[in-house]
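Visitor: I have not looked at this one before. Can you walk me through what is in it?

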Amino acid sequence: MDLKNQINKDKLPQHIAIIMDGNGRWAKKQGLIRTKGHEQGENSVRETVEICREIGIKNLTLFAFSTENWNRPKYEVNTLMRLLVKSLKKEIESFQKNDIRLNAIGNLDLLPEKPKKELLEAIKDTKDNKHMTLTVALSYGSREEIVSAVRKIVEKTTSGELNGSKITEQTIDEHLYTSDIPDVDLLIRTSGEERISNFLLWQIAYAELYFTEVLWPDFTKEDLLKAVINYQNRERRFGKTSEQIN
Ligand code: IPE
Ligand code: IPE
Ligand code: MG
């Protein structure tokens, strides 16, 4: 695989986040029902996890289901939940073998009993794995996450545990679902849509955005490598001038 040699190991993004979009359109193009696209998308998840781990990415976050996705037809929501349980069961062995820690962000209390239980178990079983943290964003909405952080902070200021005038950016960070993972360096969205759809609004403040027309079920290891190479060829200035950086 030639693209892999082009990766600069010293300039890897610490955290890649992906909005896995286009499953429905992929299925429609093949004359299949939408949920077949979600089934097919699982292969892309597996390939993406594998290649990220292989090149040494420490944090990978996948947007699997948004708070807004609860409004989809009941059949589609149920199928997605069923697929989640099935794929967790299937993947747990490979997470252990590859030293991958599973993590989840979102309002997990909204999940049905069985998927929630399977998910929490898989998280517990892999909690000591160190090579890579794979976070699934499930029933996740960034605004909901920010509201929940604000609530926790207000509770602490009311009880006197926290002094309101001492609230910093770090305080906010620490109360988000992502408190134990670094900010996103590279955000990828598939399927040609160029929007954020309520994903990690705070955490992408300085992320590099990468949009590709490829539909999620067609997304391969090569596509992931292309995105990383593209990222590595950008100049991240964080508000400074180019001269200051070089
Ligand atoms: C992404 O694919 C998966 C989820 C949002 C769960 P979509 O289901 O949004 O596919 P399109 O955008 O309709 O093609
Ligand atoms: C975003 O995709 C959510 C996930 C990929 C899980 P959507 O397909 O739900 O986003 P919109 O509705 O097109 O913005
Ligand atoms: Mg979509």
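Guide: We can go through the two ligands and then a few single residues. Keep in mind that this is a predicted model.

Visitor: Fine. Which residues are closest to ligand 1?

Guide: The closest are Asp 21, Gly 24, Arg 25, Arg 34 and Arg 72, out of 13 residues that surround ligand 1.

Visitor: What kinds of residues make up that shell?

Guide: The shell around ligand 1 has three nonpolar residues, five polar ones and five charged ones.

Visitor: How far is the side chain of Asp 21 from an oxygen atom of ligand 1?

Guide: An N or O atom in the Asp 21 side chain is 2.8 Å from a ligand 1 oxygen. The side chain of Arg 34 also has an N or O atom beside an oxygen of ligand 1, at 2.9 Å.

Visitor: And Arg 25, side chain or backbone?

Guide: Backbone. One of the backbone N or O atoms of Arg 25 lies 2.7 Å from an oxygen atom of ligand 1.

Visitor: How much of ligand 1 does the protein cover?

Guide: On its own, ligand 1 has 380 Å² of accessible area, and the protein covers 87% of it.

Visitor: Which elements give two or more residues to its shell?

Guide: Those are α2 (23-29), α3 (34-55) and α4 (74-97). The most comes from α2, which gives three residues to the shell around ligand 1.

Visitor: Where does ligand 1 sit?

Guide: Ligand 1 sits in the largest pocket. Ligand 2 sits in the largest pocket as well.

Visitor: On to ligand 2, then. Which residues are around it?

Guide: Around ligand 2 are Ile 19, Met 20, Asp 21, Phe 63, Ala 64, Phe 65, Asn 69, Arg 72, Arg 189, Arg 195 and Ser 197. Asp 21 and Arg 72 are also among the residues closest to ligand 1.

Visitor: How does that shell divide by type?

Guide: For ligand 2 there are five nonpolar residues, two polar and four charged.

Visitor: Which strand gives the most to it?

Guide: Strand β2, residues 59-66, gives the most, with three residues in the shell around ligand 2.

Visitor: What are the polar distances there? Start with Ser 197.

Guide: In the side chain of Ser 197, an N or O atom is 2.6 Å from an oxygen atom of ligand 2. For the Arg 195 side chain, the distance from an N or O atom to a ligand 2 oxygen is 2.8 Å. Arg 72 has a polar side-chain atom 3.3 Å from an oxygen atom of ligand 2.

Visitor: And how much of ligand 2 gets buried?

Guide: The protein buries 78% of the 390 Å² that ligand 2 exposes when taken alone.

Visitor: Leaving the ligands. What is the phi of Ser 191 near?

Guide: Phi of Ser 191 is near 80 degrees, which is a positive value in a residue other than glycine. Most residues other than glycine have a negative phi.

Visitor: Where is Ser 191 in the chain, and is it buried or exposed?

Guide: Ser 191 is in the loop between β5 and β6 (208-211). It counts as buried because its relative accessible area is 6%, and the cut-off for buried is under 20%.

Visitor: What about Leu 200? Where does it lie?

Guide: Leu 200 lies in the loop between β5 and β6 too. Its phi is near 45 degrees, again positive in a residue other than glycine. Leu 200 has a relative accessible area of 1%, so it is buried.

Visitor: Last one. Is Gln 232 buried or exposed?

Guide: Buried, since its relative accessible area is 7%. Gln 232 lies in helix α8, residues 221-232. A polar atom of the Gln 232 side chain is 2.8 Å from the backbone oxygen of Asn 8.

Key
Residues numbered from 1 in each chain as written. Chains lettered and ligands numbered in written order. Predicted model: local features only at pLDDT ≥ 70, side-chain atom pairs only at ≥ 80, totals over all residues. Heavy atoms only, no water. Near = heavy atom within 4 Å. Polar contact = N/O pair within 3.5 Å; in protein donor to acceptor, adjacent residues only side chain to side chain. Areas by Shrake-Rupley, 256 points an atom, 1.4 Å probe, with all protein chains shown as cover. 1 Å grid on protein atoms, 1.4 Å probe; cavity = no way out; pocket = protein on both sides within 12 Å on 5 of 7 lines; lining within 4 Å. Sits in = over half its atoms within 2 Å of the grid points. Helix = DSSP H or I, 4+ residues; strand = E, 2+ residues; numbered from the N terminus. Nonpolar A, V, L, I, M, F, W, Y, C, P; charged D, E, K, R; others polar. Buried < 20%, exposed > 50% of the residue type's maximum accessible area, 1.4 Å probe, protein only.
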